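Let's take a friendly walk through a protein chain. Have a look at the fold before reading on.

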Amino acid sequence: MQLLPRDLYEKLEFDKVLELLEKECLGELGVEAVKALQPADDIELIERSLNETHEFKHSVDENDTFSISGYTVISEELRMLEVEGYVLPEEGMRNIKIVLNFTHNIFRFFRGARRETYPALYANIREVSFDESLIEAIGKVIDEEGNIRPDASPELMKIRRQVQSKQKELERQFRIIINEYRSKGWLSDNIESFRNGRRVLSVPSEHKRKIRGIIHDESTTGKTAFIEPEAIIEINNDIFDLETDERREIYRILRELSAELRPYVPQMRIYQDILGHFDLIQAKARLARQMNAVQPQLFDKPHFGIQKGRHPLLYLKNNKLGKKTVPFDFTLFGGNRILMLSGPNAGGKSITLKSVGLMQLMLQSGLLIPMEEGSEMGIFHELFADIGDQQSIEDDLSTYSSRLENMRNFLENAGQNTLVLIDEFGSGTDPKIGGAIAEAILQELNHKKVFGVITTHYSNLKIYSFKAKGIVNGSMYFDKDSLSPTYELQVGRPGSSYAYEIAEKSGLSKKVLDYAKHRTGKNEKAVDQLLVDLQQEKQELEEKLREMKEREDKLDKLIKNYEQLHRELEFRRKKIKLESKEQALQQAARDNRDLERLVREIKEKQNLEKAKEMATQAKEERKQLSEEVGGLIEEVYYKPAAKQEKAGEIKVGDFVKLRTGGATGAVESINRNNAVVTMGQMRMTIKLRDLQHAKAPLEVQSSRSVQSDTVAQTANFESKLDIRGMRYDEALKVVEDFVDQALISNSNSLQIVHGKGNGILRKAVRKKLKEYNVTMDIWHPEQQQGGDGVTLVEIK
């Protein structure tokens, strides 16, 4: 992320946030990580960092975290340990053990369900495993307090027992000597002391010749001699020898431990890096808790959707003082990218501007932001700020020259992903000329489509912002009655400086103010008020346009819904009519059978003329009814499907089904307008127009087949089906094909023979028949006609 100028951190007070972050670190590794922290512009990196902080903050809130406290950096210890033959001292081993223990706590924390609860945190150690043998090896030598264990080796244990025995002997002998010499008055008030590592008696100088032993020292005044009695010299010598043996044994133990740890130095460096990273994360999380900060929704583009945002440092300061921090909402609508912020001095303009910049730096550094849940923020690739006094003695630049230098740099480097923050834009020179130059710079920045927050008092900049597309006026609300700021941001409304009102409140004389008003004239204030009114009217108009657009969108949706409902209603009406005609056609078929029976009876009575007449009449009625049904089928099934045919023609190998419903089959061959379709073990020749694409069906093997020449052909349809001996899945498929053929052939009386057995096939038949959305009667005949081994079906 490109930052301008060099002291941007200080201008936006980001350096103070980093100082607070350093204080929350537990060790030097975390502090170093904070010092190396830089705002990024890679959304994946930013999002990962924010997720880590958010998850750790949540774990702290839930009191579900691992233990980390103060630690020491072990980089130097690891560097020395790599040297062959080097023996790491006791303190170095102690530091390594502390780092390993904390790292071990981190790995143990992520055992089990916490890996799913804190995925971003767990990702830091997912590819690493912790070698517990390292802790075990050090633990055998270094105890919990960081000292050499008494049982680090059998020899060390033996030496320390001997030392303890000698010290007890020394204590006993020393007490005997003290009691003897004290009774003789040979000892001073401070009876004993230590000199040169030896336990000695404090003896007045006049008695020092009376006590046999070694004089180790004398007081500065010469009045006291420190004597080691002859009776305990041998014991002290033994203790000294044993302590020498102890140091030698400890050195041997540390040498062996150093050799054992040496191959694992690279691994321990990784553990140290993990600890340092988690130290940084916990510091971010604890600072976020102090600021009551949250993770906003992130966009991979410039964007602002701040709700109830608070300046981080001001919020912490006010919290300590028990004061309330006034939040602000900052969202840019309607293609606006730049906020031109105006209003009186000390009204909160600069604080709001700095808040936006500081929040952006914190966000892109992986820090949570003090704002409302649900807030939105985007990513910028450049952040430029011109705030405060820019005077530079070193570069021989005045304040205004320095500001112009900043503007030149901004214009050269700014683009669509740039955030520009300018405080008191145009100030520092003649207002008329400064305002004109500022307007020209603003025009160029707007042309480059930058995002920004700019504060000003210049009316020409407010008027330009009102006219220009992409720029919106804003103000800090000012209470005109009390002449005091409220620190509330209002986007879409320019603000007045209220210079005369504030001057009057400050005590300037009426004479001075009258002269000033006379010099500025009435137009100056009128322009401000006119701009406020125009901006308000513009905002109201834009609001009405948005409402009209929303209503138009809703109306379009309603019209589309109405048209869809109308089509569905028309389809249902025609389908009901079709079903009615189909039922009438089926009734005609039944009447035809009755007619044939009647013809046979009449033939028997030799009344042939009457039979012919009745047969002709019945055929005509049935033909008319068939034509009506055909027309309705054309309207219901084929016309709505006309648009679907454009999606793709039916080809050999495609899975298809009848437009009227039923089973799915595969196209075996196509001959002109007809297709041979295989449905299970049935092969049927069906018109292409009666078919539509379908998903692949479940494969079912069957040993029987039924063949029909055309859908309309009814003469060869056998209304009886025998499925005895079939498996359950075979029976389901064959019954489905059989019923489909019956519906195509308009056959209404069906007989399915399945046998009695254990009732499996009978249940299969019932199950398949219930799947059809067709009214039908299902029953079993009398026992002499097959009973429950046969299922009779009457389709209505």
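How many helices and strands does the chain have? There are 24 helices and 25 strands, taken from DSSP runs numbered from the N terminus (helices are H or I with at least four residues, strands are E with at least two). The model is predicted, so local features need pLDDT of at least 70 and side-chain atom pairs count only at pLDDT 80 or more, while totals for chains, interfaces and linings use all residues. Residues are numbered from 1 along each chain as its sequence is written, and side-chain values use heavy atoms, without hydrogens and water.

Of the 796 residues in the chain, 42% are buried (under 20% relative accessible area, with a 1.4 Å probe and protein chains only).

Four strands make an open, mixed sheet in the order S22-S23-S25-S24; two strands pair if DSSP finds at least two bridges between them. Strands S22 (720-722) and S24 (776-779) are at the edges with a single partner strand each, so one side of each has no neighbour in the sheet. From one strand to the next, the twist averages 15 degrees. S22 pairs with S23 (residues 749-753) in the parallel sense over three bridges, and Leu721 is opposite Ile752 in S23.

| Helix | Strands | Angle |
|---|---|---|
| H23 (residues 728-744) | lies across S22, S23 and S25 (790-795) | about 165 degrees to S23 |
| H24 (residues 760-770) | touches S23, S24 and S25 | about 170 degrees with S24 |

Contact means heavy atoms within 4.5 Å. Axes are lines fitted to C-alpha atoms, for helices over the stretch in contact, and angles run from 0 to 180 degrees between N-to-C directions.

Notes: Buried means under 20% relative accessible area, exposed over 50%, partly exposed in between (1.4 Å probe, protein chains only).
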